[in-house]
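This report concerns the contacts within and between the chains of the structure shown below. Please keep the sequence at hand while reading.

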Amino acid sequence: MIEAHPALRNRCAIVGAGNSRLGQVPGVSSLDLIIEAIANALDDAGLKASDVDGIICRGPDESYSHHQLVGERLGINARFSTSLDNGGASQILSVMLAAMAIEAGLATTVVCGYGRDAWSRTHRSEEARQSQRTRPESQHAQEFGPEYGYFGAVAAHAFGAQRHMHEFGTTREQFAEIAVACREYALKNPDAQMKKPLTIEEYFKARMIVSPFGLFDCSLRSDGAGAVIVTSAERARDLKAPPVMIRGFGSFNNLTGWFADENMIRTAANQSGETAYRMAGVGPADISTTQLYDCFTYMVLVQLEDYGFCKKGEGGAFVQSGALRLDGRLPTNTSGGQLSEAHVEGMLQIVEGVRQLRRTYPRERQVPNAEIALVSGHGGNQVCHSTLILGRSP
Amino acid sequence: MSEGASERKASKPRPRPAPESKPFWDAAREHRLLLPRCNACGQFWFPPSQRCAHCLAADFTWAEATGRGRIYSFVVFHRVYHPAFESDVPYVVAIVELDEGPRLLSNIVGMNPDDVRCDMRVQVVFEDTDGITIPKFAAVS
């Protein structure tokens, strides 16, 4: 493969970050949630909607050309505007595309955001809940799946966890540490959906969903939204908030499929990360904190390996060393993540990366000396991956 | 009593084959496991499509597979996602890697879910239900 050119290192910055109410927010549509998050991000940046000339977002699954609805609600026209379709990898991809559009001179100030009403949508009625459970993975999956009782993202990721356990001796105790670490962070986050402590014993007592995953291996169904504002490094200097620099980014997509080769135990985080590290001019040892896409506990563990924070097969030992905790080697998912803060498909991971680098949190939540953050996105049918490396303004 | 959905027994989703998979399902009815095999490069692929997944050649044959392979990975469904599977839980869904190369999603039948392991050798078995035959796998005895 051709070497990526690090042309966009530190050329753009995130100058505003915001989230909506999170968790159970009945009676509010996903569109209203994203507008709430964008309004907060604009406030944070000291900008008005009329300053925005780019919108990149991913629509909720049932929405067509979602960015048009967002623009209409913001009351703006835009130079650059589109919706993305890479599942949980879309949110970082939107920041990547924003930086590329700004650098190409197609826009100056781009809003990236995502919102969903996944909790409300599945709790309106039993009928709604049922249809959500058995919704096919794709429009084409009419065979080789449902007739075998194969439904949902839990099982797809559980396959990866099972194979990883088989090859490397990874254990559910190690998955439990990830769930518990995320929960402890969530307890310090007033916006988080989960408010009660979680112990290892409770993790093991919880019902199995699709083994090897039990209830607490699975992320939340949440209502919520997040948004960030991207602009050029030059313009960022004149704005209210201290800018957080976009140091590097990358993506990789194992389009041959999650079941193919070793894709479920050696994920696209590897190549996506290499591209991002190269652009950023840093390596795993330089990262102060990670915000990893945690749709399931296992995905945190395998990404730690694939991003090079430990060797392949040693993710279990790495998490058990306490590395993910605030006083550990690599504080991870410090807002509680999708396992315990809220599941907004990776958008809140970007917001948290920005906030940690601003160092404005109270000490109990602040990663000490946070300098560089690595944020990840993972999705589609498990095979699309994106990586964002953020840094403090030099 | 009203004729609510809960009164009727839910039926399992039946495969709705894409046109290119029809020979697979037709052969299953005769208890044969057929896979597309490329006449240009000789390799098998799955799921079925009109071009070889390895070299994009259009010239292929439906060839009979041995039906033997290994479990690449598996999961055990405890939660009922679909009411028709309520009496089946816990049941095993596996990715079976056939000796010919392709990986198929299927069920592992005839054994306790607790005894299933990755890399276990398996053999196809055909389950005739309700006018359709579904290839599943069992441990090689």
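Two strands are said to pair if DSSP finds at least two bridges between them. Strands (E, at least two residues) are DSSP runs, numbered from the N terminus. The model is predicted, so that local features need pLDDT of at least 70 and side-chain atom pairs count only at pLDDT 80 or more, while totals for chains, interfaces and linings use all residues. Residues are numbered from 1 along each chain as its sequence is written, and chains are lettered from A in the order in which they are written.

Strand 5 (residues 208-211) of chain A and strand 3 of chain B run antiparallel and are joined by two bridges. Within strand 3 of chain B, Val76(B) stands opposite Ser211(A).

The two chains also meet through residue contacts, defined by C-beta atoms, placed from the backbone, that lie within 7 Å. On this basis, 30 residues of chain B are in contact with 25 residues of chain A. Each strand in the table supplies at least two residues of the side of chain B that touches chain A.

| Strand of chain B | Residues |
|---|---|
| Strand 3 | 68-77 |
| Strand 4 | 91-98 |
| Strand 5 | 103-108 |

Strand 3 of chain B gives the largest share of this side, six residues.

Chain B itself is divided into domain 1 (17-64) and domain 2 (66-141), with bounds that come from an automatic or database domain assignment. The C-alpha centres of these two domains of chain B are 21 Å apart. Nine residues of domain 1 of chain B are in contact with ten residues of domain 2 of chain B.

Key:
Helices (H or I, at least four residues) and strands (E, at least two) are DSSP runs, numbered from the N terminus.
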